[in-house]
Structure formats: C-alpha cells, structure tokens
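Hi there,

Here is the structure I promised to pass on. Please open it alongside this note, and then read on for what turned up.

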Amino acid sequence: MIAHLPTLDISRLDGTPDERASVAADLRDILYEHGFFYLSGHGVDPTLVAEVLAASKRFFALPEADKLEIEMIRSPRFRGYSRAGAELTQGRPDWREQVDFDCEEEALAVGPDSPAWQRTIGPNLWPSAMPELKDVITRYQDAVTRVGLDVLRAIAIALGQDEDAFEPMVRPRPRQHLKILRYPGRVAAGSDQGVGAHKDGGLVTILLQDELAGLRVQGQDGEWIDAPPVPGSFVVNTGELLELATNGFVRADVHAAVSPPPGLERYSIAFFLGAAHEGSIPLIDLPPALKRAERGVSSDPANPLFRDVGANHLKARLRSHPDVARVHYADLL
C-alpha cells in the first residue's frame, strides 16, 4: 500500500541522459502500480492557473437563470452546465455542479448512415452573462493539452517506445474534454458522493485542485489514498484507453471525490486528453519484460470498453447524462 501519491518532475525529461532514464524508470513503476501521481515542472503559467480558477468561481456565483442558459440538456454534444445531482456515476447522483467543454468546432453534417458519435461533435455553450469565460477556458485548454501531450510522450519513453508512439491516436486532433467543477458542502444526513468511484475513460487526465481536499484514489489493496492539493502541481492519472493500449500494463485506477463538510465548497478543473474519435485503440507491442507483466484489461462486464474511440465516448456520455440522452438520443436508447 502507498501512503501518498508520488511526484514526477517532468522537466527532468529535458535534462541529462541519466535524469531522463531516471524519470522514465520512475514513471514506469507509477504506471504499473497505480497510474496516479503529482506532476511538477509542467511549465503552465501560475497566473493562468489562478485566472481559470477565479473565472470558474465567478461562473458558479452567477444567478441560476444565467447558468441554466447553457444547461447541458440544450446540447446534443453533452456540453454545458449541469446542476448538482444531474450527472450519474454507477447510477447514483454526483453532488457537484459543473460545466463541460470540449474542442470548439463546427458541427458535422450527419446523415442516416453516420456513426452516432458524430452527433457529439460541435460547438460549446458559452454564457452571455460572462463573455470572458470563453477566452480563459480556451487558453487553459491549450496549456493543459500541451501538458497532456508531454505526459503521453513521457509514457511512451517509459514503456520502451519511440516518444511519438501515441501520436497516431490523437490525429487529426486530440479531444479536449474539460470540466469546471464546484462541490457544495454536504448536508449532515446526505450522501458524501461528490463524484462516485470510477475510472477515467480517456488517455490522460490533468486535474487542477483548489485549496480544499476531496480526491481519493483506490490502491490495489482496496484501501483509499487521499490526494490533497499540492500548490504548483497537477494530479495526473491514466485512463482506460491506455489500459486498453497496453493490455493492462498501465493501470486506470478507481478514484472518487467526497463532498466537503457543510458550509464549505471545493473547486477543481479536470481536463481529459482523449484520442481522436475517428480512430481505434491499437495494442502496443511492449518490450518482452513489460509484456510479461501485462494483466489484461479490467473492464466492467456491465460497461464494456470498445476500441472504437467514438463509440466508447458516446456510450460513456449516454450513461452519465440520461436526461440529455432522452432528449437527443432517444433513437439509441
């Protein structure tokens, strides 16, 4: 059992050959053991970090009518605002309010024979009461997309691959799913599920936490490890697509967030770097020593993983947001 998450200074990849080899070895152990770590040396401007957290707090302080202007149920792309309890994890409501964004793009022309996931492609929803939100969110998305791609290159090196081994998975562009999140204080008699136990579905998650703790990671022994915020660091974890690609050598570990006590509120911003929806996830040919340690994919039979990235994404969104599914995807239910 680990008592706390390790820290990886990714800037050391640009150091001496010995530093690069040391970082790769440390990361390889992390990927196999639990897939969660604090990331330092990432190069994201602290001013931008403070700016995006402040903007997130200003959005959640808006009157409810202004937030509901961009309610997710208005978007077939699963973008926009969700009230506390609107998103489900394992069928139970998560006690947090949030706004979901992804790549800012034009909607695709969808025909009767188009894959259903193509209906999730299109523009984000932006609140007219806070026009400055779009600028800060897109600048932060760009910054953490760069971090996510740096982490993917580091993972490739740690797994004995060329550093651009994951590049084909993110062409023509990676997915940039981002959530701004507010966890209200729980009522004394209520559930403490901020977000229920789950694995992330993408490649790499970059989590920014405010000052209040709440994130918990489940170790291989079933024990929960607290992952409180560390100033200047992100919490990074690997997702199910990497578990698929490495036949279980890389772990996508279960994690959850607990609601804060009454009278407090917790903020975080989660960025999920995903593979391009157009592609599928290959099986990477690991070096013999790593291949012998492959464990297979720990997929839930009730929620199987697909190598078809777009289908996997749509399945996850339909499960998480049944209200949006009923309005915009009734033909698939």
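This is a predicted model: local features need pLDDT of at least 70, side-chain atom pairs count only at pLDDT 80 or more; totals for chains, interfaces and linings use all residues.

**Helix packing**

Two packed helices are described by the angle between their axes and the distance between the axes. Let me begin with helix 2, which covers residues 46-60, and helix 4, which covers residues 133-158. Their axes lie 10 Å apart, and the packing angle is about 135°. Helix 2 and helix 4 are therefore oblique to each other, and their crossing is left-handed. On the helix 2 side, the contact is made by Leu48, Glu51, Val52, Ala55 and Phe59. Helix 4 brings Leu133, Val136, Ile137, Arg139, Tyr140 and Ala143 to the contact. Sorted by class, this contact has nine nonpolar residues and two charged ones, with no polar residues.

Helix 4 also meets helix 1, which runs over residues 17-33. Here the axes come within 8 Å and cross at roughly 90°, so helix 1 and helix 4 are roughly perpendicular to each other. Arg20, Ala24, Leu27, Arg28 and Leu31 of helix 1 touch Ala154, Ile155, Ile157 and Ala158 of helix 4. By class, the contact of helix 1 with helix 4 has seven nonpolar, no polar and two charged residues.

**The cavity**

How many cavities of 30 Å³ or more does the structure hold? There is one, and the space in the largest cavity comes to about 60 Å³. Its lining is made of 13 residues, and those closest to its centre are Arg77, Phe78, Arg79, Asp102 and His313. Strand 6 (97-101), strand 7 (175-184) and helix 7 (309-320) each give at least two residues to the lining of the largest cavity. By class, that lining has six charged, four polar and three nonpolar residues.

Phe78 is worth a look for its backbone, too. Although Phe78 is not a glycine, it has a positive phi of about 60°. You will find Phe78 in the loop between helix 3 (64-68) and strand 3 (80-82).

Of its 18 lining residues, Leu208, Gln209, Val230, Pro231 and Gly232 are the closest to the centre.

**A cis peptide bond**

One last thing to look at is the step from Arg171 to Pro172, where the peptide bond is cis, with omega near 0°. Pro172 sits in the loop between helix 4 and strand 7. Both elements came up above: helix 4 packs with helix 2, and strand 7 gives at least two residues to the lining of the largest cavity.

Happy to talk any of this through with you.

Best wishes

Definitions and conventions:
Residues are numbered from 1 along each chain as its sequence is written. Side-chain values use heavy atoms; hydrogens and water are left out. Axes are lines fitted to C-alpha atoms, for helices over the stretch in contact, and angles run from 0 to 180 degrees between N-to-C directions. Helices (H or I, at least four residues) and strands (E, at least two) are DSSP runs, numbered from the N terminus. Angles under 35 degrees count as roughly parallel, over 145 as roughly antiparallel, 65 to 115 as roughly perpendicular and the rest as oblique. A crossing is left-handed if the near helix is turned anticlockwise from the far one by less than a right angle, and right-handed if clockwise. Contact means heavy atoms within 4.5 Å. Ala, Val, Leu, Ile, Met, Phe, Trp, Tyr, Cys and Pro count as nonpolar, Asp, Glu, Lys and Arg as charged, and the others, Gly among them, as polar. On a 1 Å grid over the protein atoms alone, a cavity is a set of points where a 1.4 Å probe fits but cannot get out, and a pocket is an open set with protein on both sides within 12 Å along at least five of seven lines; lining residues have an atom within 4 Å of a point. Grid points are joined across faces, edges and corners, and a volume is the space filled by probe spheres set on the points.
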